[in-house]
Amino acid sequence: MFALSSLPRWIIDTIRTALILAVGLTVFSVYSARGTNHDETYFACLYAGSLSQVNTTAPPANCGRGSQIEWTSFGGTIDASMIEDGSIPGSVIQDGTLHGSAIEDGTIESAKLNEELQYDIKCGAFAHPGHDFSDCDLRGAYLAYANLAGANLADANLVLANLASAILIGADLGDADLASAILIGADLGGADLTSATLIGADLGDADLTSANLNFANLRDANLFGANLTDANLSGVIWNNTTCPDGTNSDAADGDGFTCLNNL
């Protein structure tokens, strides 16, 4: 009987290397056949944390109330067999990870999404209590009547945003830019507006009970009818501000050109 061990060492090493390469090429071929492509660009619609109209051809023509997004895969690619009728069954995006409860092979379960897509998911999400919108560009966003209680909007750009009658109880708006934003009738009870920019913002009839406005900029802002009971107003920048009682902060009424005597 022929014994492999009887061959010279260099021939054995050569055979071993050839076998390893053959196995590697076979595995590569199998994955290629499954459609795995680490540089694949995907297009989809995003709404309330779920993806639809997923494809690799072109952006969806109409996403309805959702947002049109795209991303380039890097590891944990989406196999074509996982997509049914243009959507990923049971797919939900949380904390930058795409989870698919209806996908059995688990490739999607641990797929981490790139930073650009994570930003789109985070900032394009449907407004809801407690959501993290920090650092998001929400200029001109229509958020009237939205329930954002306890939401994180720190450092968010909300210039010209419409937050009329929005629920922002306990929300974090620290360092947020709310210049010229509409906050008429908004409920900001207990909200943190530390160092927030509220230049030209309309806070008429807003509820700011126990809100923290430490070092907030209220230049040219309208506070007529606003409730500032127990609000922290230390360090507030007052300049041509319409006070809750309708007077102007610039009036020489003995309160140092503030609204402290006109709440």
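This is a predicted model: local features need pLDDT of at least 70, side-chain atom pairs count only at pLDDT 80 or more; totals for chains, interfaces and linings use all residues.
Buried here means under 20% relative accessible area, exposed means over 50%, and partly exposed covers the range in between (1.4 Å probe, protein chains only).

Residues are numbered from 1 along each chain as its sequence is written, and side-chain values use heavy atoms, with hydrogens and water left out.

On confidence, the chain averages a pLDDT (the predictor's confidence in each residue, from 0 to 100) of 77, and 64% of the residues score at least 70. The pLDDT is below 50 over residues 17-38, a stretch with eleven contacts (heavy atoms within 4.5 Å) in the model beyond near neighbours in sequence. Residues 100-111 also fall below 50, and this stretch has 30 contacts beyond near neighbours in sequence.

Next come the cysteines. Two disulfides are present in the structure, a disulfide being a pair of cysteine sulfur atoms within 2.5 Å. One joins C123 and C136, with the sulfur atoms 2.0 Å apart. The torsion about its S-S bond is about -80°, so the C123 and C136 disulfide is left-handed. This pair links distant parts of the chain, as C123 sits in helix 2 and C136 in the segment after helix 2, 13 residues apart. Both C123 and C136 are buried.

The other pairing is C243 with C259, again with sulfur atoms 2.0 Å apart. Here the S-S torsion of C243 and C259 is about -80°, so this disulfide is left-handed. C243 and C259 each lie in the segment after helix 2, so the bond ties together parts that are 16 residues apart in sequence.

That leaves N217, placed in the segment after helix 2 (115-123). N217 has 16% relative accessibility and therefore counts as buried. Its side chain reaches the backbone nitrogen of R219 at 3.1 Å. Leaving aside residues up to four places away in sequence, N217 touches A196, T197, L198, I199 and I237.

Methods. Helices (H or I, at least four residues) and strands (E, at least two) are DSSP runs, numbered from the N terminus. A polar contact is a pair of N or O atoms within 3.5 Å; within protein, one must be able to donate a hydrogen and the other to accept it, and residues adjacent in sequence count only if both atoms are side-chain atoms.
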